[in-house]
Amino acid sequence: MATQTSTATLAELRTRVRQRADMVDSDFVTDAELNTYIQQSYRKLYNMIVTTFSDWYVEDPVEFTISSGNTYTLPATFYKLVAVDYLLNGSWIEVKRYTMTERNRRTSGAFRVFHPSIMYRLMNGKLRFIPTDNATGTYRYWAVNKPNVPTDDADTIEGENGWDEFVVIDAAIKCLNKEESDVSLLLLEQNQVKEDILINANSYDEGGSERVEDVHADRYDDEDLF
């Protein structure tokens, strides 16, 4: 499906919101308040896209090295983790996520002889790897960063195929809610825009449908690795 990327500045969004809420000549909602509404609505749109099509905002992989210990602190811009890889003999190998019940199963000792592969878990903004005494090496992670929320008038948001209209409608609803006015028509329109966005986002990659993962293919959990 072809998409068209458009941008809208914070100042332009404020104007559009006031038009939708019929508040062009009103100062009942200040510009500062309206900026907050727009920022909240943009976060809502961003979360909706990330939840619907998790790869949409994925950044280029970030490579890092653990030289001691078994943790890596993620940057403040981090939002959601997509995947983690380990560099083994010049090739990137997927690192699986371990469950809390597995947290002590790959420590040093006899058990690790049979289960030596590295695994990770995201905890409190850090990637934690097990076995704890064999976690050094080079890694990379794929992630979605936090949204670039507009704060200055010239700051822009991206609107694929008019998705920024969701932000406008949602912020206009917030304005009318403050005024205790009827928002029923805007809610209907918002639901239609939301439905269009979800359909469009789900069909963004038409190269093939998702498939069930083959957990037996390309396994690397024998002791010859790591």
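Reader: Buried means under 20% relative accessible area, exposed over 50%, partly exposed in between (1.4 Å probe, protein chains only). So what is the relative accessible area of Tyr141?

Author: Tyr141 has 4%, which makes it buried. Keep in mind that this is a predicted model, where local features need pLDDT of at least 70 and side-chain atom pairs count only at pLDDT 80 or more, while totals for chains, interfaces and linings use all residues. Numbering starts from 1 along each chain as its sequence is written, and side-chain values use heavy atoms, with hydrogens and water left out.

Reader: Fine. How many aromatic pairs does the structure hold?

Author: Twelve. Rings of Phe, Tyr and Trp (its six-membered ring) pair if their centres lie within 6.5 Å; planes under 30 degrees apart are stacked, over 60 edge-to-face, the rest tilted. Take Trp56 and Trp163: their pair is tilted, at 4.9 Å centre to centre and 40° between the planes.

Reader: Where do those two sit in the chain?

Author: In two loops, 107 residues apart. Trp56 is in the loop between α2 and β2 (62-66), and Trp163 in the loop between β10 and α4 (164-178). Helices (H or I, at least four residues) and strands (E, at least two) are DSSP runs, numbered from the N terminus.

Reader: Are the two Trp residues buried or exposed?

Author: Both Trp56 and Trp163 are buried. Tyr72 and Tyr141 make another tilted pair, with 6.1 Å between centres and 45° between planes.

Reader: What does that pair tie together?

Author: Parts of the chain 69 residues apart in sequence, because Tyr72 lies in β3 and Tyr141 in β9 (residues 137-145). There is a cluster here too. Ring pairs join Phe64, Tyr72, Tyr86, Phe129, Tyr139 and Tyr141.

Reader: On to the sheet. What is the strand order?

Author: β3-β8-β7-β6, in an open sheet of four strands with mixed pairing. β3 (71-73) and β6 (96-97) are the edges; each has a single partner strand, so one side of each lacks a neighbour in the sheet. Strands count as paired if DSSP finds at least two bridges between them.

Reader: How many bridges hold β3 to β8?

Author: Three, in the antiparallel sense, with β8 covering residues 126-130. Thr73 has Lys126 of β8 as its bridge partner.

Reader: And how many join β7 to β8?

Author: Five, again antiparallel. β7 is residues 119-123. Opposite Tyr120 stands Phe129 of β8.

Reader: What about the hairpin of β7 and β8?

Author: Two residues lie between the strands. Asn124 takes a positive phi there, near 55°.

Reader: Which residues of α2 are buried?

Author: Leu34, Asn35, Tyr37, Ile38, Gln39, Ser41, Tyr42, Leu45, Tyr46, Met48, Ile49 and Val50.
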